[in-house]
Amino acid sequence: MPFYPNDTNPLPQIVGLKSVVKENGDDPTNFDLQVELGIFQDEVTVDRATIAVSLKQASLSMYLQGLDVVEKSKYGIDHMPSKMTTKTTSESTVQTSVEKTRAYEAIVSGELTPLTQGLKGSGSRSGKQVDSATATLKENRETQVDFYPVKAVGNDTWRITDATGANLDRTFLNYDTLCGLRMKPAKPNHVATSLSVHAPQKHINAEIVRDGRALMRRVGSNKEKVIGILVAKGLHDATSKVEYEGLVTFSVSTTEYEG
């Protein structure tokens, strides 16, 4: 296998990320980047406290060395078509004075507008009893909107969300091809892929299931206001060695070319 994978998942019960790079067809310079990604709700231990953690939204970012993305190969592209057909639903009510029986017939046959014009003032001339009939005309239109749980956005990043806005709790990629890759024309010194799953503090939901003494000493009376910061920082410390700057990186998956 020309690419050697290396997956780092410190909290696999929350986020699990794996990737492999496989040759695409007979061309030894073309590859498919296949990814497994699961994001789930679960409990973790942070500073002797048990905390239920879930994500409202996450991002999957890609960094390449010595490789280019094959045109039109990205997963989850929300491409705006040159032509769109929309259908919406609307309802309007028209009220007119016509003979009740004739009005009902008009409503059934869809001839309300010409009927209204033709019978205007006829009640007073004929002397017939005129009743007030209300006709409701419905025009059916429907708008279809496609949703991408894993949506390609800018800067080689994919945004992961739930269609209903619920917390993320499922496998989003099952070794699907995230994109096609092509070796750069000039022979590069280093060929590798790097994927990471991260989320800002505002997209991390945390609920204390069991208090720990060390955590409570640090939080004190303002625990409800700062618990999110502590949890995010605790998650960051559990998954990364760099300084915390408000973004938690949950998983990293890399591959290196050995050809």
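**Entry 1: glutamate 71 and its partner**

I looked up glutamate 71 and found it exposed, at 56% relative accessibility. The model is a predicted one, and I kept that in mind throughout. Which residue does the side chain of glutamate 71 meet in a salt bridge? I found arginine 182, at 3.3 Å from N to O. This pair links distant parts of the chain, 111 residues apart. Arginine 182 lies in strand 12, while glutamate 71 lies in the loop between strand 7 and strand 8 (90-98). I checked arginine 182 too: it is partly exposed, with a relative accessible area of 29%.

**Entry 2: the other salt bridges I checked**

I noted a count of 4 salt bridges. One of them joins the side chains of aspartate 68 and lysine 184, at 2.7 Å from N to O. Here 116 residues separate the partners. I placed aspartate 68 in strand 7 and lysine 184 in the loop between strand 12 and strand 13 (192-200). Aspartate 68 is partly exposed at 29%. Lysine 184 is partly exposed at 35%.

Next I took aspartate 78 and lysine 151, whose side chains meet in a salt bridge at 3.6 Å, N to O. They are 73 residues apart. Aspartate 78 sits in the loop between strand 7 and strand 8, and lysine 151 in strand 10. I read 42% relative accessibility for aspartate 78, which counts as partly exposed. Lysine 151 is also partly exposed, at 29%. As a reminder to myself: side chains of opposite charge can pair when their charged atoms come close.

I then went through the partners of strand 12. Strand 3 (residues 30-39) joins strand 12 through 10 bridges. In this pairing, leucine 37 has leucine 173 as its bridge partner, and leucine 33 stands opposite cysteine 179. Strand 7 pairs with strand 12 over 3 bridges, in the antiparallel sense. There I found leucine 67 partnered with methionine 183.

**Entry 3: two positive phi angles**

Most residues other than glycine have a negative phi. Tyrosine 175 has a positive phi of about 55°. I found tyrosine 175 within strand 12 (residues 170-183), partly exposed at 33% relative accessibility. Aspartate 156 likewise has a positive phi of about 55° and is not a glycine. It lies in the loop between strand 10 (150-153) and strand 11 (157-160). I noted aspartate 156 as partly exposed, at 25%.

**Entry 4: serine 253**

Is serine 253 buried or exposed? It is buried: its relative accessible area is 0%, and the cut-off for buried is under 20%. I located serine 253 in strand 15 (residues 247-257). Its side chain makes a polar contact with the side chain of aspartate 7, at 2.5 Å. A further polar contact runs from the side chain of serine 253 to that of serine 19, at 2.6 Å. Leaving out residues up to four places away in sequence, I listed what serine 253 touches, including Asn6, Leu17, Lys18 and Thr193.

Definitions and conventions: Residues numbered from 1 in each chain as written. Predicted model: local features only at pLDDT ≥ 70, side-chain atom pairs only at ≥ 80, totals over all residues. Heavy atoms only, no water. Helix = DSSP H or I, 4+ residues; strand = E, 2+ residues; numbered from the N terminus. Buried < 20%, exposed > 50% of the residue type's maximum accessible area, 1.4 Å probe, protein only. Polar contact = N/O pair within 3.5 Å; in protein donor to acceptor, adjacent residues only side chain to side chain. Contact = heavy atoms within 4.5 Å. Pairing = 2+ DSSP bridges.
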